[in-house]
Amino acid sequence: MDFVSQLAPAFCAGLSGAALLWMWRKCASRWNNAFPLVKKALELSLWAWAIASAGWFLYAVGHAPDFKLALVAGLTGFAVPAIYNLLKSRQGGKDEVKRGTNVATAAVVKRQVKANRKPTRLEIGGVPIPFDSEPYHLLFAGSTGTGKSVAINQVLDQLRAANDTVILVDSGGGFMEKHYRADTDFVFNPFDARCVNWSPVLEMQGEWDAEAMARSIVPDGVGDSKEWNGYAQTLVSCVLRQLWSKNKMTLRDFLYYVQAATVPELKELLQGTAAMAQLSSEKTFGSIRTIAANYLTPYAYLPNAGEPFSVSEMIRQEHSGFLYVTYRDDQLDSLRALIACVLDVAARTILSMPPDENRRIWLVLDEFASIGRVQSIEAVATKARKAGGCLLLGVQSVSQLRDRYGEFGAQTILSCLSSWLVLRCADADTSEYMSRYIGDVELLRKNRSSSTSDTGDSTSQNEQQATQRALLPSQIQGLPNLQGFLKLTGNYPICQVKLELPAKRRPTTAAAFVGRDFTKRPMLKLVADVPAADASTPPRPEVGAAAKPKAPVLPLGGAPLLPVHPQATAPAKAEVGLLPADSKLLVSRAGPAVKLPGLDLLRRAPQSDSSR
């Protein structure tokens with residue numbers, strides 16, 4: 001009891017001193033001009049009281065039985081109110097956010113996400129992404145070297161752990177070097193020795209797919225080229241439809257009739273189709289064929305050996321693996337149209353799937369504006385959420401996107417990307433766009449002013465409402481590498497994040513590029529490989545309407561990859577590519593893909609052909 005009675009005066013002395021200082025600040029600001037003499041008298045009395053309280057505090061501390069406890073008690077009584085008073089005085093000039101975009105720390109956003117109790121799988125810069133926000137798509141924007149690849153690598157690690165289906169456009173093969181797995185992943189690059197045996201005809205399931213496939217092969221033109229590209233699409237779609245009906249669905253046949261067949265041969269093939277009118281003028285048809293042939297040039301480099309591969313089947317089976325669509329910078333001009341075709345097939349397949357809120361199929365497109373125009377990308381951005389389609393786009397500048405998709409098309413795509421990671425943007429146009437996207441904030445700005453005169457000191461305070469950008473363009477332009485601002489889907493504040501490089505670099509799992517030996521794997525030959533009809537070449541059997549089609553001869557008693565045409569014969573089906581009945585892929589989200597015995601649609605068998 002004695003101990004408490006000795007500490008109580010010290011605590012009360014400190015508390016009274018802090019209270020006197022607070023009273024002094026309030027009274028001095030109000031009485032300064034009206035009662036200057038009273039103000040001076042009050043100043044002297046308050047200082048005397050504060051000095052007396054400090055002396056009593058020191059006396060109590062010196063006579064306490066435990067010096068340390070007494071010191072803590074005294075400082076608590078004096079310092080806590082004083083610090084509170086100081087903070088209140090500084091808070092008078094702090095801006096208060098009334099509404100609009102708020103900028104907070106990553107820790108605050110992380111707590112808000114956890115408070116909502118929504119499941120999360122992905123993290124960007126330590127901030128979790130709600131699972132139901134993933135189909136609202138992501139955008140990573142930033143100049144070269146700012147950290148987009150670091151962020152994408154982190155996301156790919158998490159997608160691998162989640163066993164998601166990923167179609168990844170990989171410039172230079174940098175992502176494949178770190179993430180490739182030979183048992184589940186595939187490579188698409190006609191100039192790479194590991195390229196899958198793919199053909200656009202393998203993506204068709206019937207004549208009804210001809211128009212969509214033609215628009216994937218020959219994209220819609222822009223400006224003066226719009227009409228001529230439309231003519232080329234008509235030619236390609238009619239050739240595909242007629243070849244399907246005649247069971248000539250090999251890549252060689254398709255390229256031959258579009259690029260090299262004579263006009264009489266085309267008249268025989270295209271009889272009764274919309275493309276027949278194009279053959280009436282040799283000059284006009286030459287221009288149309290030139291446009292179509294330009295887009296089909298890289299198709300001749302596709303391998304013609306190994307197990308057939310279908311992008312649409314990989315997606316429909318929800319294969320737990322990656323498809324790397326790779327290219328080197330010196331190959332992009334040749335492969336741009338082919339890459340866009342593969343992505344368009346993937347986009348259409350996602351849109352055709354039934355709704356499933358738990359499905360996740362990712363299109364990860366780094367350097368998105370550099371690749372060719374993808375016809376269905378706008379539809380994926382706007383409609384793929386129900387089917388579980390997710391976009392992750394990496395862009396360097398908005399101007400590149402506008403140049404590729406036009407002003408309104410680029411705006412449509414960007415408006416559908418709800419979660420943004422904004423890294424340093426060097427150009428003013430992109431940084432201004434990002435600043436406007438992040439939004440404005442309305443502030444309640446508190447201003448304090450003080451003045452000194454012969455009559456004394458005076459202090460005034462007023463409030464103003466102001467609206468300004470939450471982030472200025474100059475802030476975005478001045479960001480250091482690996483730092484940026486993250487905006488999540490929903491009512492979450494903007495937060496600044498820092499991307500961390502992995503402590504230990506993952507060893508290279510595969511070479512970025514393995515050159516293909518075209519002396520052993522030549523390009524598809526069009527004219528030489530299509531023999532002319534003569535006495536030594538038996539004609540291809542035609543099955544009449546009343547004739548019963550022969551059952552196709554399949555290895556191991558299996559089923560064809562594509563739906564069987566009612567007039568198909570065994571030799572014709574062999575050109576399309578056949579798979580056995582047990583070629584099924586079982587996909588498990590809880591673990592890696594499990595494959596049954598026998599050939600498999602997604603299996604990478606060692607490629608070999610007759611020319612080797």
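**Exercise 1.** In this predicted model, identify the buried residues of α15 and the elements against which they pack.

*Solution.* Begin with the burial criterion, a relative accessible area under 20%. In α15, the buried residues are Val398, Leu401, Tyr405, Gly409, Ala410, Ile413 and Leu414. Next, consider their surroundings: these residues pack against the strands β5 (138-141), β10 (389-395) and β11 (419-422), and against the helices α14 (377-383) and α16 (428-438).

**Exercise 2.** Compare the end-to-end distance of α15 with that of a straight helix, and locate the kink.

*Solution.* Helix α15 spans residues 398-415, which gives 18 residues. At 1.5 Å a residue, a straight helix would reach 26 Å. The end C-alpha atoms of α15 are only 12 Å apart, short of that value. The next step is to examine the helix axis: α15 has a kink of about 115°, centred on glycine 406.

**Exercise 3.** Determine whether aspartate 164 is buried or exposed, and name the partner of its side chain in a polar contact.

*Solution.* Aspartate 164 belongs to the loop between α5 (148-161) and β6 (165-171). Its relative accessible area is 1%, so aspartate 164 is buried. The side chain of aspartate 164 makes a polar contact of 2.8 Å with the side chain of arginine 121.

**Exercise 4.** Classify serine 280 as buried or exposed, and describe its side-chain contact with the backbone.

*Solution.* Serine 280 is located in the loop between α10 (263-269) and α11 (282-296). Because its relative accessibility is 68%, serine 280 counts as exposed. A polar atom of the serine 280 side chain lies 2.8 Å from the backbone oxygen of alanine 277.

Terms used: Residues are numbered from 1 along each chain as its sequence is written. This is a predicted model: local features need pLDDT of at least 70, side-chain atom pairs count only at pLDDT 80 or more; totals for chains, interfaces and linings use all residues. Side-chain values use heavy atoms; hydrogens and water are left out. Helices (H or I, at least four residues) and strands (E, at least two) are DSSP runs, numbered from the N terminus. Buried means under 20% relative accessible area, exposed over 50%, partly exposed in between (1.4 Å probe, protein chains only). A polar contact is a pair of N or O atoms within 3.5 Å; within protein, one must be able to donate a hydrogen and the other to accept it, and residues adjacent in sequence count only if both atoms are side-chain atoms. The expected span of a helix is 1.5 Å times one less than its number of residues. The bend at a residue is the angle between axes fitted to the seven residues ending there and the seven starting there. Contact means heavy atoms within 4.5 Å.
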